[in-house]
Structures are given as C-alpha cells and as structure tokens.
Amino acid sequence: MEWDAKKYNTTHDFVFKYGAGLLELVPKEPKKVLDIGCGTGELTKQMAELGHEVTGIDQSLNMINQAKETYPELIFLQEDILNPSDQIGLYDVAFSNAVFHWIPDQDLLLKNIGEHLNVNGQLICEFGAVGNVQKIREAFGRELNALGVPFEEPFCFTSVENYRILLEKNHFEVVEILEYERPTPLKGGKSGLNEWMEQFYAAELEELSGEQKDKVLENMERDLKSKLWNEDHWEADYRRLRINAVKM
Ligand code: BEZ
C-alpha cells in the first residue's frame with residue numbers, strides 16, 4: 001500500500017504526537033539510532049534535535065520523499081526492514097512507533113533488527129496491542145460480511161505474553177513491556193471516523209464500489225456512535241504495547 005503522506009502529516013498527526021512520549025525511553029547521551037518506519041520523519045527530527053545520529057527508514061517512497069523534503073539535513077532511506085540492504089549498518093538504538101503491527105512476520109522483523117544492533121543495543125518501540133481498535137475493526141468486519149466481501153485482518157496486534165516470548169527467542173532481554181489503553185481523539189469532527197478509515201483501510205475500501213463504500217461508512221458511524229462518539233469528536237479505541245528491550 002502507498003501512503004498519503006500529506007494527510008498522515010496533518011489529519012493523522014496524532015500518530016507521531018503520541019510517539020513523542022516514547023522518546024523519553026531513548027538514552028539521554030548521543031546514540032546512533034535507526035528509526036524504523038519513520039513515516040514523514042517528525043520523530044526522526046526530534047531525536048536528531050536531542051543530539052542523536054539518526055537514520056530514518058520507511059518502505060513507502062511517498063513517506064521518504066516527504067521526510068526528505070521537510071528535513072533535508074537528515075538521512076532518510078527507502079528500506080524494508082524485512083529485506084534490508086547493506087547500506088543500513090549498525091546502531092545503538094532501534095526505535096519504532098506505530099509500525100510493527102503492519103508487519104506479519106514478527107520473527108523475521110526481530111531477527112533483522114537484532115542484526116542491525118550492537119551488543120547491548122536497545123529496542124524501543126510501541127505499536128498496537130491485542131484488542132487495538134477492536135470496536136472499529138469489528139464494525140468494519142460486520143459490514144463487509146453483510147456484503148459478502150471477505151475481510152482479512154491486515155494487522156498483527158499482540159500481547160505482552162506473546163511478545164515477551166518472541167523477544168527472548170530473538171535474543172532480547174526485556175527491560176519493560178507494557179500493554180495499555182490509549183483512547184485517541186480523531187480530528188475532523190463528524191468526518192473523523194471516515195477519514196481514519198480512508199487512511200488506514202484504504203486498500204480494503206478500494207475494493208468496494210463507491211455506493212458500497214458510502215453505505216459501509218454510514219452504517220459504521222451509526223453502529224459506533226454510542227461507543228466511540230464523544231461530544232464533538234470520535235475517539236478511537238487504541239490499545240498499545242510499549243517495549244524497551246536490550247540485545248544480548
Ligand atoms: C494503529 O496505529 O494502532 C493502527 C493503525 C492503523 C489501523 C489500525 C491501527
């Protein structure tokens with residue numbers, strides 16, 4: 001899927017705004033940091049401002065081009081962490097916000113990250129935990145079912161227990177692993193839910209006719225109103241897994 005970098009950076013800027021809290025886990029002294037799935041580069045920039053030598057990677061060319069345009073002084077590479085090229089190199093910290101749940105092969109992901117970390121290098125990341133945006137996903141699944149359209153969950157939302165096992169298997173020692181609720185207000189008032197769907201379920205919505213898509217989104221709004229509408233905005237039922245681990 002190619003990303004709409006402009007929309008990500010404006011309407012859905014909560015993705016990196018929430019990521020700012022994760023930065024507090026990054027060591028204070030200057031480190032060589034790999035920002036995995038850097039998107040439009042906002043957190044990459046913030047880490048550079050903290051004195052780190054940061055390389056941002058993303059498999060989306062749109063995102064990388066936007067990041068390079070906004071922050072020409074920083075290093076951004078179009079790279080897939082599941083199939084990295086030799087140009088990536090070795091780091092003290094692997095950082096990632098709101099990315100890992102897009103990656104089906106978590107084992108390969110952790111193996112590759114381990115190969116790009118120095119011994120005692122740190123993995124600091126946050127992504128969707130089990131039950132993430134569950135109400136939205138269930139409502140979408142129901143609508144697609146009603147149309148007879150198969151719904152294949154594109155995300156990997158996992159639990160503390162499962163991820164701890166995976167980290168240890170890949171030679172990481174867990175410093176902290178935390179699962180928490182993070183209700184997330186969506187911008188755009190009434191159209192906030194539709195805009196969120198258009199950004200994050202673009203590929204699935206593209207499979208529908210214009211009429212089907214309008215109906216699905218309309219029914220979802222009706223279905224979710226009592227669960228996720230809060231006075232003047234939609235609030236997505238995000239759940240997060242936050243990890244701080246060290247490569248052995
Ligand atoms: C998330 O960041 O948690 C997320 C992104 C897209 C779809 C579902 C969840």
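How far does a polar side-chain atom of Asn 132 lie from an oxygen atom of the ligand? The distance is 2.7 Å. Keep in mind that this is a predicted model.

**Around the ligand**

The ligand is surrounded by His 101, Trp 102, Asn 132, Val 133, Phe 155, Phe 157, Trp 196, Phe 200, Tyr 238 and Arg 240.

| Residue | Distance from a polar side-chain atom to a ligand oxygen atom |
|---|---|
| His 101 | 3.3 Å |
| Asn 132 | 2.7 Å |
| Arg 240 | 2.6 Å |

How much of the ligand does the protein bury? Taken alone, the ligand exposes 260 Å², and the protein buries 98% of that.

**Aromatic rings**

Now look at the rings. A pair of aromatic rings is described by the distance of the centres and the angle of the planes. The whole structure holds 13 aromatic pairs. One of them joins Trp 196 and Tyr 238. Their centres are 6.4 Å apart, and their planes make an angle of 80°. That pair counts as edge-to-face. Trp 196 belongs to helix H8, residues 192-200. Tyr 238 sits in the loop between E9 and strand E10 (239-247). The two residues are 42 residues apart, so the pair links distant parts of the chain.

Are these two residues buried or exposed? Trp 196 has a relative accessible area of 3%, so it is buried. Tyr 238 has a relative accessible area of 6%, so Tyr 238 is buried too.

Ring pairs also build a cluster. Its members are Trp 102, Phe 140, Phe 151, Phe 155, Phe 157, Trp 196, Phe 200, Tyr 201 and Tyr 238.

**Charges over rings**

Rings can also face a charge. The charged end of Lys 32 sits over the ring of Tyr 91, 4.9 Å from the ring centre. Lys 225 places its charged end over the ring of Trp 229, 4.7 Å from the centre.

Trp 229 leads us to strand E8, which spans 229-230. E8 belongs to an open sheet of 3 strands. Which order do the strands take? The order is E7-E9-E8, with antiparallel pairing. Strands of a sheet pair through backbone hydrogen bonds, either parallel or antiparallel. E7 (184-185) and E8 are the edge strands, and each pairs on one side only. E8 and E9 (residues 233-236) pair over 2 bridges. Here Asn 230 stands opposite His 233 in E9.

**Helix H3**

Helix H3 covers residues 42-49. Its buried residues are Glu 42, Leu 43, Thr 44, Lys 45 and Met 47. Gly 51 follows H3 and has a positive phi, near 100°.

Most residues other than glycine have a negative phi, and most peptide bonds are trans. Which way does Ala 98 go, positive or negative? Ala 98 has a positive phi of about 60°. Ala 98 lies in the loop between strand E4 (91-97) and helix H5 (106-115). Its relative accessibility is 13%, so Ala 98 counts as buried.

His 171 also has a positive phi, near 65°. The loop between helix H7 (160-169) and strand E6 (172-181) holds His 171. Its relative accessibility is 55%, so His 171 counts as exposed.

Key: Residues numbered from 1 in each chain as written. Predicted model: local features only at pLDDT ≥ 70, side-chain atom pairs only at ≥ 80, totals over all residues. Heavy atoms only, no water. Pairing = 2+ DSSP bridges. Helix = DSSP H or I, 4+ residues; strand = E, 2+ residues; numbered from the N terminus. Buried < 20%, exposed > 50% of the residue type's maximum accessible area, 1.4 Å probe, protein only. Phe/Tyr/Trp six-rings, centres within 6.5 Å; stacked < 30°, edge-to-face > 60°. Lys NZ or Arg CZ within 6 Å of the ring centre and 35° of its normal. Near = heavy atom within 4 Å. Polar contact = N/O pair within 3.5 Å; in protein donor to acceptor, adjacent residues only side chain to side chain. Areas by Shrake-Rupley, 256 points an atom, 1.4 Å probe, with all protein chains shown as cover.
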